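The sequence and structure are shown below.

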Amino acid sequence: MESAITKALIIFVRNTEKGKVKTRIAKDLGDDKTLEVYKYLLQYTADIANTVNCHRFVFYSDYVHISDLFDDKCFTKFVQEGNDLGERMHNALEKVFSLGHKEVCIIGSDCYQLQPDHIDEAFAELESHDVVVGPTTDGGYYLLGMKQANLRLFQQKDWGTSTVFDDTVADLTQLQLKYKELEQLDDVDTMDDLLATDILANLSSD
């Protein structure tokens with residue numbers, strides 16, 4: 001159990017407000033149904049996180065949400081701080097490292113293919129690597145794990161574009177950091193992504 005105390009998982013989420021989540025999907029699906037989809041993804045992510053033996057953190061886009069899908073007894077909650085996604089992720093990592101954690105992984109709530117094994121593998125690989133990164137098929141990443149918050153990895157990126165993963169690997173190579181690439185997975189960012197899953201069918205059956 002001693003090693004588990006040093007491990008932490010950060011989940012980056014948006015507050016569940018209609019019209020402010022999954023806006024690309026909402027253009028086709030509408031704001032109400034899109035909010036249902038987002039909450040479904042949040043619940044999926046929370047369930048995955050709860051199976052991993054580590055400390056768990058949720059960082060919200062605008063305000064800390066008490067008594068939501070992330071059990072207050074299981075997740076420590078903060079608000080994201082920074083001007084862009086890179087700065088917000090770096091600040092979140094710095095905060096969690098400052099609390100005494102030694103291996104930290106950060107994920108979003110968009111990856112419906114994510115399994116507990118991916119997170120467990122990331123923590124295991126951090127024993128022999130500086131950084132672990134899980135690429136997505138759209139050129140981003142669904143997981144970034146590290147043992148210290150290297151600022152360079154969060155600067156000069158076009159966040160939300162197809163260049164993020166390649167640019168991150170280029171930084172890792174230039175910094176001579178030893179990294180491990182995980183299995184490539186799909187994010188749910190567009191209507192096509194959503195239709196490739198069973199999420200809408202599951203929502204309809206509830």
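## Helices across the sheet

In this predicted model, helix α4 (residues 85-98) lies across β1, β2 (55-60), β3, β4 and β6 (141-146). The direction of α4 is at about 150 degrees to that of β1. Helix α6 (residues 164-174) lies across β5 (131-135), β6 and β7, and runs at about 155 degrees to β7.

## The seven-stranded sheet

The strands form an open sheet of seven, in the order β3-β2-β1-β4-β6-β5-β7, and their pairing is mixed. The edges are formed by β3 (76-79) and β7 (179-181), each of which pairs on one side only. From one strand to the next, the twist averages 20 degrees.

Within this sheet, β1 (residues 7-13) pairs with β4 in the parallel sense, over five bridges. Isoleucine 11 stands opposite isoleucine 107, a residue of β4.

## Aromatic pairs and a charge over a ring

Six aromatic pairs are present in the structure. A pair of aromatic rings is described by the distance of the centres and the angle of the planes. For tyrosine 44 and tyrosine 112, the ring centres are 4.8 Å apart and the planes are at 55 degrees, so this pair is tilted; the edge-to-face class would require an angle over 60 degrees. Tyrosine 44 belongs to helix α3 (residues 31-50), whereas tyrosine 112 belongs to the loop between β4 (103-107) and α5 (116-125); the pair therefore ties together parts that are 68 residues apart in sequence.

Both tyrosines fall below the 20% limit for a buried residue: tyrosine 44 is buried because its relative accessibility is 18%, and tyrosine 112 is buried with a relative accessible area of 17%.

One aromatic cluster is formed by Phe12, Phe57, Phe59 and Phe78. Over the ring of phenylalanine 78 sits the charged end of lysine 95, at 4.9 Å from the ring centre.

Histidine 65 is located in the loop between β2 and β3. Is this residue buried or partly exposed? Histidine 65 has a relative accessibility of 24% and therefore counts as partly exposed, since buried means under 20%.

Leaving aside residues up to four places away in sequence, histidine 65 touches Asn15, Thr16, Tyr60, Asp72 and Lys77. Of these contacts, asparagine 15 is 50 residues from histidine 65 in sequence, while the C-alpha atoms of the two residues are 7.4 Å apart in space.

Notes. Residues are numbered from 1 along each chain as its sequence is written. This is a predicted model: local features need pLDDT of at least 70, side-chain atom pairs count only at pLDDT 80 or more; totals for chains, interfaces and linings use all residues. Side-chain values use heavy atoms; hydrogens and water are left out. Rings of Phe, Tyr and Trp (its six-membered ring) pair if their centres lie within 6.5 Å; planes under 30 degrees apart count as stacked, over 60 as edge-to-face and the rest as tilted. Helices (H or I, at least four residues) and strands (E, at least two) are DSSP runs, numbered from the N terminus. Buried means under 20% relative accessible area, exposed over 50%, partly exposed in between (1.4 Å probe, protein chains only). A charge sits over a ring if NZ of Lys or CZ of Arg is within 6 Å of the ring centre and within 35 degrees of the ring normal. Two strands pair if DSSP finds at least two bridges between them. Axes are lines fitted to C-alpha atoms, for helices over the stretch in contact, and angles run from 0 to 180 degrees between N-to-C directions. Contact means heavy atoms within 4.5 Å.
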